[in-house]
Structures are given as C-alpha cells and as structure tokens.
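Open the model in a viewer and keep the selection panel at hand. The stops below say what to select next and what is there.

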There are 2 protein chains.
Amino acid sequence: MGATKTEHFTDYQNHIATLSKALGHPARVAIIEYLMEVDTCICGDIVNELPLAQPTVSQHLKELKNARLIKGSIEGNAICYCIDEKSLTKLRDYFANISDSLEKKKSNCC
Amino acid sequence: MGATKTEHFTDYQNHIATLSKALGHPARVAIIEYLMEVDTCICGDIVNELPLAQPTVSQHLKELKNARLIKGSIEGNAICYCIDEKSLTKLRDYFANISDSLEKKKSNCC
DNA sequence: AAACTATATCGTAATATTGCAATATAAATT
DNA sequence: AATTTATATTGCAATATTACGATATAGTTT
C-alpha cells in the first residue's frame, strides 16, 4: 500500500489532482508567483530568490514542469522558465465552475 | 530532512499550498465533485461512492476538513459533510488573478 | 441494555516527498 | 583546453502520505 489508486478515478479528476498537487508546496507557489512578478522570462535566479538549495529548487522546477505548470527553454547555458498559461487557465476554469455552481445553489447545508 | 520549510514562505503562499495540496489527490477531488453533485448535504455515502475503504475515506475527509475545503456537522449518529464555499472562492480568486495577469501581459516568453 | 449503524482513530506497511551534499553535464568564457 | 557558470542528477536521510484491518466511539433502534 501507500501508492495512490489513480486507476479508480477519472482522467479529469487525476489531472486536477496532479495540477493541484504540483502547487501543494509553498516553494512551488512562490516560484509561480515569482515568474508572474518578473515580466521577462527568467532563468536561474529563482534559486537566489528562494530559501532553498539549488538541487532542491531544481527538483521543484522539475515537478512544476512535469505538471506542465511551467515550461523551460534552453538559453545558452542557462534555462529560461516561464508559466504555462494553459494549465493555469484549466485551474481557473475548474474553480470558477465550482464557485459559480455553489453560488447558484445557495445550499443551506450544515 | 524531509519536512517542508513553511517558515520561509509567506502566510498566503502557505495557505494556497495547503488548499492545493488538499486537492492534490484524486479521491479528494472526487469527494468535492460528489458533494457538488448531490444537492442536499450528504453524510456517509461518500464511502459507497468511492473505491476506497471506510478508514481511508475518513482520512481523506479529515484532510479536506483540516484545509477547510469542507465542513461537517453532526446529524444524529451520522455526519453531514458539505463544501466550504469560502476556501473554493479563495482558490477561484487566486487562479483568476493569475490568469488575468497572464492575459494582460501576453508575454512572448519561451 | 443489547444490537446496530455511522464514523473516527490506531497501528502499521508500502510508497512518496522534501531537502541537500556531492557530483555530473553542458554551454560560455578565458 | 582549462576554468567558470548554470542547471540537472544521484544518493541518501528525514519525514509525510496513502491505504486498510482492527478497534474505538457515539448515537439509534430494538
């Protein structure tokens, strides 16, 4: 045991979970916010920005990249990371839908 | 090592990470979707709905409750769970803000 | 009160995540 | 070509998560 039973859930549920999980660590939220803040495409100074060692940051970047929340392109000997709009749009749409439905319902529950 | 260094990040970053992490498992996404689907406040049949044992579901519910994504109230010997709108509104706002900013920027990065 | 129902908690095994030092890789500069 | 710079990978220890059987708790029904 210990492994998530992904096969029992829908692709969409797994997808939302994957995106959410990728943002389930404050360092990764901080990375996204930093990439938002700096207008130009930023390369390696995310490491300087975060209170974590370079390998740790590299690992967090990898997870964000695997979840497709960011994308990186090679720029000389550095790598240029930036936000992948699509995934963030998906999250926006998902939570917008839920909030909309909740408002319509005005459930008097609990 | 192994523990997240929450103290190095802002409260807001930690909060978004906590909410995201709570949704970082397909079972918990499924629970939220199920609670959306059933109009009335549902009690224990979440267990029947999910492909997981009762203690496992109980544990997932606890995590959603800790993150304040759901709330439960005692209803006889059963417990009535339902979505906590506030937290989902926070997530909606967070991702809406990011998506809005991204659209405005139209960054030509990567 | 005994039996039943609904949910939570405990204990534990399997697995995953977090963090970093050390090291590897690869492009850029000297 | 040696050095520097930027990033990734490896290996590993500490910790957290996932899942569930067994058991506890607490209200309900008989």
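Does A:Ser101 count as buried, exposed or partly exposed? Select A:Ser101: with 14 C-beta neighbours inside 10 Å, A:Ser101 counts as partly exposed. The classes used throughout are buried (20 or more other C-beta atoms within 10 Å of the residue's own), exposed (12 or fewer) and partly exposed (in between), with C-beta atoms placed from the backbone. A:Ser101 belongs to helix H5 (residues 85–105) of chain A.

**Ground rules**

This is a predicted model, in which local features need pLDDT of at least 70 and side-chain atom pairs count only at pLDDT 80 or more, while totals for chains, interfaces and linings use all residues. Residues are numbered from 1 along each chain as its sequence is written, and chains are lettered from A and ligands numbered from 1 in the order in which they are written. Helices (H or I, at least four residues) and strands (E, at least two) are DSSP runs, numbered from the N terminus.

Colour chain A by pLDDT, the predictor's confidence in each residue, from 0 to 100. The mean for chain A is 91, and 91% of its residues reach 70 or more.

Show both chains. Chain B is superposed on chain A by a rotation of 180° with 0.0 Å of shift along its axis, at an RMSD of 0.0 Å. That is the relation of a two-fold axis. The same surface serves both copies, as 98% of the contact residues of chain B recur in chain A. Two residues are in contact if their C-beta atoms, placed from the backbone, lie within 7 Å.

Now select the interface: 44 residues come from chain B and 43 residues from chain A. On the side of chain B that touches chain A, H1, H2, strand S1 (70–75), strand S2 (78–83) and helix H5 (85–105) of chain B each supply at least two residues. The largest share of that side, 12 residues, comes from H5(B). Coloured by class, the side of chain B that touches chain A has 23 nonpolar, 14 polar and seven charged residues. Here Ala, Val, Leu, Ile, Met, Phe, Trp, Tyr, Cys and Pro count as nonpolar, Asp, Glu, Lys and Arg as charged, and the others, Gly among them, as polar.

Select H1(B). Its buried residues are B:Gln13, B:Ile16, B:Ala17, B:Thr18, B:Leu19, B:Ser20, B:Lys21 and B:Ala22. They pack against H1 and H2 of chain A, and against H2, helix H4 (54–66) and H5 of chain B.

Move to B:Gly24, in the loop between H1 and H2 of chain B. B:Gly24 has 22 C-beta neighbours inside 10 Å and counts as buried. Leaving out residues up to four places away in sequence, B:Gly24 touches A:Ala17, A:Ser20, A:Lys21 and A:Gly24.

In chain A, select H2(A) and pick out its buried residues: A:Pro26, A:Ala27, A:Arg28, A:Val29, A:Ala30, A:Ile31 and A:Leu35. Their cover includes H1, helix H3 (46–49), helix H4 (54–66), S1 and strand S2 (78–83) of chain A, together with helix H1 (11–22) of chain B.

Which residues have the most contacts inside the largest nonpolar core? They are B:Ile31 and B:Ile70, in a core of 53 residues. A nonpolar core is a set of buried Ala, Val, Leu, Ile, Met, Phe, Trp, Tyr and Cys residues joined through C-beta atoms within 7 Å. Helix H2 (residues 26–37) of chain B gives this core its largest share, six residues. Centre on B:Ile31, which touches B:Ile46, B:His60, B:Leu61 and B:Leu64, not counting residues up to four places away in sequence.

**Last stops**

Select A:Arg68, in the loop between H4 and S1 of chain A. Its phi is near 65°, a positive value in a residue other than glycine. A:Arg68 is partly exposed, with 16 other C-beta atoms within 10 Å.

Finish at B:Gln54, in helix H4 of chain B. B:Gln54 is exposed, with 12 other C-beta atoms within 10 Å.

Definitions and conventions: Least-squares fit on C-alpha atoms with pLDDT ≥ 70 in both.
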